[in-house]
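Here are my notes on this model. Please read them with the structure open beside you.

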Amino acid sequence: MVVWNKMFILLKRDFHELRRNIIFYFALFSLFPIIAYLLLIIPLSGLIATDVRYLNWSLPGIWIVCSAMVSFYTSSIRIFKLNYETIQIDSILASPIENYTFLISICLRG
């Protein structure tokens, strides 16, 4: 129960950061799949000839790939900010929070 309370505190801090940058994250989550669809799927639909409609059946792949890439991007940006732009990593490592709790909170944020 104590681990979840510590993780909840870290996630609450990340939620406040998300609220400050809501326009950036909304644009990232909505425009990235659209751009991938326009730049990858539409040009490839002319090259790939199958019995099923390639344009329709490629959308689940775009959703999965884009969500994985956005999750990786947001997690890596958070780790980069903690390590290099701010000095928060020193205070986090000095606190009684375990390392795996900290890593799980970053993964859940992604």
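1. Helices here are DSSP runs of H or I with at least four residues, numbered from the N terminus. This is a predicted model, in which local features need pLDDT of at least 70, side-chain atom pairs count only at pLDDT 80 or more, and totals for chains, interfaces and linings use all residues. Residues are numbered from 1 along each chain, and side-chain values use heavy atoms, without hydrogens or water.

2. H2 and H4 pack at about 135°, and their axes are 10 Å apart. The axes are lines fitted to C-alpha atoms over the stretch in contact, with angles from 0 to 180 degrees between N-to-C directions.

3. Which residues of H2 make the contact with H4? Among them are Phe 24, Tyr 25, Phe 29 and Ile 41. H4 answers with residues including Leu 59, Cys 66, Met 69 and Thr 74. Contact means heavy atoms within 4.5 Å. By class, this contact has 15 nonpolar residues, one polar and no charged. Ala, Val, Leu, Ile, Met, Phe, Trp, Tyr, Cys and Pro count as nonpolar, Asp, Glu, Lys and Arg as charged, and the others as polar.

4. H4 also meets H6, residues 99-109. Their axes come within 8 Å and cross at roughly 135°. So H4 is oblique to H6. H4 passes H6 in a right-handed crossing. H4 brings Thr 74, Ser 75, Arg 78, Ile 79 and Leu 82, while H6 brings Phe 102, Ile 106 and Arg 109. Four of the contact residues are nonpolar, two polar and two charged.

5. Now the largest pocket. It holds about 210 Å³ of space. A pocket is an open set of points on a 1 Å grid over the protein atoms alone, where a 1.4 Å probe fits and protein lies on both sides within 12 Å along at least five of seven lines; lining residues have an atom within 4 Å of a point. The volume is the space filled by probe spheres set on the points, which are joined across faces, edges and corners.

6. The lining has 14 residues, and Leu 18, Phe 29, Thr 74, Arg 109 and Gly 110 lie nearest the centre. H4 gives the most, with five residues.

Conventions
Helix = DSSP H or I, 4+ residues; strand = E, 2+ residues; numbered from the N terminus. Parallel < 35°, antiparallel > 145°, perpendicular 65-115°, else oblique. Left-handed = near helix turned anticlockwise from the far one by under 90°.
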